[in-house]
Amino acid sequence: MPRSADAEASSRAKASATGVGVVPGGPALSGALASLLEPIAALAVARGLPFAAVEDLLKAAFVDAARRAQPPEAGQRIVSRVATATGLTRREVTRLLVADGGLPPPRPSPATQVFTRWRADPALKNRRGRPINLPRQGAAPSFEALARSVTQDVHPRSLLDELCRLGLVSVEGDTVKLLRDSVVATGDSDRAYGFLGGNVGDHLRAAVANVLAETPPHVEQAVFADELSAESMAAFRDIAKAQWQTLLVATVPALQALVDADAAAARVRDRRVRIGLYTWNDAMSETEIAPALRRAGASAKKTAGANKRAPKKDR
């Protein structure tokens with residue numbers, strides 16, 4: 001059933017009172033953060049980015065957000081203030097502040113370390129300098145020996161399964177083969193990641209700013225519907241694509257006219273804007289489907305009864 005989800009209205013909700021043993025924001029905030037983190041975790045797992053690397057990024061983001069929230073007069077007390085706001089140690093805060101907002105170096109997972117060592121070890125290359133295929137088990141050179149040379153904490157079979165999942169190696173019989181030259185995706189994937197960070201990042205910034213503000217400064221609204229069929233979703237995709245073209249045709253000339261007017265008036269031009277449209281669909285959960293089926297059954301019975309009583313108008 002279609003429903004309007006006015007995200008701007010949520011900014012008027014007040015945060016729950018905090019105290020000893022009380023989580024700031026309560027379960028609503030924790031639930032919102034869990035929903036936001038789920039697709040981020042899915043992306044990291046799909047691309048082999050370990051938790052430690054994401055944890056470093058999250059720490060850096062926390063420190064940056066806390067630093068920007070401090071007044072200019074914080075001065076030498078900035079480390080203590082940021083540590084208090086984030087719950088991180090003063091040592092960790094100092095390290096991240098010295099980095100001056102730079103991204104921390106990524107921590108490779110054990111599986112990607114195996115891949116990198118295989119690519120780099122001269123003992124695992126042929127005369128042309130290409131990595132050789134490795135027998136799955138046995139003494140060196142073998143995949144088992146390579147894996148154990150990298151870590152004793154993860155079983156070679158688990159590392160092999162992870163490399164296969166990431167599309168970095170294949171197994172043919174008892175032989176393991178490298179499939180790619182690099183762990184990092186290149187080309188269009190880099191552009192896709194850039195769009196992902198830009199589009200979703202700005203959308204999330206708008207939503208967060210609306211929640212934190214007394215008066216929502218951004219347009220951030222959505223319409224939600226359920227109890228739809230796969231056939232209906234295919235039809236709706238065409239509707240959404242048509243709406244995007246309409247939005248594109250309307251906004252691009254208008255924005256260009258505004259840019260030209262600002263330039264002609266010699267105004268300070270230090271603002272940017274992003275306008276987008278997205279759709280998302282997936283299967284309803286079992287707890288959502290059961291009530292829908294009951295409603296559908298009741299509706300079908302009601303319709304059938306009405307049809308039995310309806311007059312035959314075409315005769």
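The following legends describe close-up views of a predicted model.

Residues are numbered from 1 along each chain as its sequence is written, and side-chain values rest on heavy atoms, with hydrogens and water left out. Because the model is predicted, local features need pLDDT of at least 70 and side-chain atom pairs count only at pLDDT 80 or more, whereas totals for chains, interfaces and linings use all residues.

**Figure 1. Overview of the chain and its secondary structure.** The chain contains ten helices and five strands; helices (H or I, at least four residues) and strands (E, at least two) are DSSP runs, numbered from the N terminus. Of the 315 residues in the chain, 20% are buried. Here buried means under 20% relative accessible area, exposed over 50%, and partly exposed in between (1.4 Å probe, protein chains only). The accessible surface amounts to about 23,100 Å², and 59% of this belongs to carbon and sulfur atoms; areas come from the Shrake-Rupley method with a 1.4 Å probe, and for residues only the protein chains shown count as cover. Among contacts between residues at least 6 apart in sequence, 54% join residues at least 24 apart, a contact being heavy atoms within 4.5 Å.

**Figure 2. A nonpolar surface patch to which helices H1 and H8 contribute.** The patch consists of Leu 29, Leu 33, Leu 36, Leu 37, Ile 40, Leu 204, Val 208, Val 211 and Leu 212, which together have about 790 Å² of accessible area. Patches are made of residues with over 30% relative accessible area and no salt bridge, like charges being joined within 9 Å and nonpolar side chains (Val, Leu, Ile, Met, Phe, Trp, Tyr) within 5 Å. Helix H1 (26-46) and helix H8 (188-212) each supply at least two of the patch residues, and H1 gives the most, with five. Val 208, located in H8, is partly exposed at 39% relative accessibility.

**Figure 3. Packing of helix H2 against helix H4.** Two packed helices are described by the angle between their axes and the distance between the axes. Axes are lines fitted to C-alpha atoms, for helices over the stretch in contact, and angles run from 0 to 180 degrees between N-to-C directions. Helix H2 (residues 51-69) and helix H4 (residues 90-98) pack at about 85 degrees, their axes being 10 Å apart. H2 and H4 are therefore roughly perpendicular to each other. On the H2 side the contact is made by Lys 59, Ala 60, Val 63 and Arg 67, and on the H4 side by Glu 92, Val 93, Leu 96 and Leu 97. Angles under 35 degrees count as roughly parallel, over 145 as roughly antiparallel, 65 to 115 as roughly perpendicular and the rest as oblique.

**Figure 4. Packing of helix H5 against helix H7.** The axes of helix H5 (residues 110-120) and helix H7 (residues 156-165) are 9 Å apart and form an angle of about 80 degrees. This pair, H5 and H7, is therefore also roughly perpendicular. Pro 110, Ala 111, Val 114 and Phe 115 of H5 meet Leu 159, Glu 162 and Leu 163 of H7.

Figure 5. A cis peptide bond, with omega near 0 degrees, runs from Ala 140 to Pro 141. Pro 141 lies in the loop between strand S2 (134-135) and helix H6 (143-150). Glu 227, although not a glycine, has a positive phi of about 60 degrees. Glu 227 belongs to the loop between strand S5 (222-224) and helix H9 (230-264) and is partly exposed, with a relative accessible area of 34%. Ala 266 is likewise not a glycine and has a positive phi of about 55 degrees. The loop between H9 and helix H10 (286-309) holds Ala 266, which is exposed at a relative accessible area of 67%.

**Figure 6. Salt bridges, including a network around Asp 202 and Arg 272.** The structure holds twelve salt bridges, each defined as a side-chain nitrogen of Lys or Arg within 4 Å of a carboxyl oxygen of Asp or Glu. Asp 202 and Arg 272 pair with an N to O distance of 2.7 Å. Asp 202 lies in helix H8 and Arg 272 in the loop between H9 and H10, so this pair ties together parts that are 70 residues apart in sequence. Asp 202 is buried at 14% relative accessibility, whereas Arg 272 is exposed, with a relative accessible area of 62%. Asp 202, Arg 205, Arg 272 and Arg 274 are linked in a network of salt bridges.
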